[in-house]
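Thanks for coming. I will go through backbone geometry at a few places and then the packing.

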Amino acid sequence: MPQRPPNHDRLNHAPDKAETALLLIDVINPIDFEEGEQLLAHALPMACAVAALKRRAKAAGIPSIYVNDNFGRWRSEFPKLVEECLEAGVRGKPVVEQLPPEDDDYFVLKPKHSAFFQTNLEILLRYLGVNTLIMTGMAGDICVLFSANDAYMRDFRIIVPPDCTASEDPGRNDQVLVLMQRVLKAEIIPSTLIKFDGTKAATAKP
């Protein structure tokens, strides 16, 4: 009997193949918490930058993966969460409007801060053949940081564009970027300097 390769997906759950994936962390978010207005002020320009990066990634065949908190709702469905965040009066609506999930995007719901903790993200990335993660989203000093830490522990190459992350306090966001660069070996590169080549991989100019 022929041996399947280690990451063989016989049901074609992950039809894409790419060395790089774009992670959008907690961008589908009502931002309905204390100090949410402060986060929204920084999340709006972040969303614009992420949207532009996502368009370029998509054109290059780079898959986008929405990794989103379930907000403690254990019966959550991602499409329903998107609908709720687009309702009138929801603080996070202008962010979600800039980053609507598309039919060929992937999504993972997470119960805690890290994109990897108790989720199927790692096996999805293995099916896709990914070794590099471009990590974007909010909050930079919480969920992006926790996710980057777990990505580092799993030997992924990490790229974090500073214009594509947002926190309530921009000073704390900057501190975390320095920390990720020093400790997690993350490449802190503006999104406009991230290039995609023909092998569906990302390169970054320092």
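Ile 31 sits in the loop that runs between strand 1 and helix 1; helices here are DSSP runs of H or I with at least four residues, strands are runs of E with at least two, and both are numbered from the N terminus. This is a predicted model, in which local features need pLDDT of at least 70, side-chain atom pairs count only at pLDDT 80 or more, and totals for chains, interfaces and linings use all residues. Residues are numbered from 1 along each chain as its sequence is written, and side-chain values use heavy atoms, with hydrogens and water left out.

Ile 31 is not a glycine, yet its phi is positive, about 50 degrees. Its relative accessibility is 0%, so Ile 31 counts as buried; buried means under 20% relative accessible area, exposed over 50%, and partly exposed in between, with a 1.4 Å probe and protein chains only.

Gln 118, also not a glycine, has a positive phi near 55 degrees. Gln 118 belongs to the loop between strand 3 (106-110) and helix 4 (121-128), and at 65% relative accessibility it counts as exposed.

Next, a peptide bond. Met 138 and Ala 139 are joined in cis, with omega about -10 degrees. Ala 139 lies in the loop between strand 4 and helix 5 (140-153).

Now the packing. A nonpolar core is a set of buried Ala, Val, Leu, Ile, Met, Phe, Trp, Tyr and Cys residues joined through side-chain atoms within 4.5 Å. The largest has 34 residues, and Met 138 is among those with the most contacts inside it. Helix 1 gives the largest share of this core, 10 residues. Another core, of 30 residues, lies apart from it and includes Tyr 106 and Val 176.
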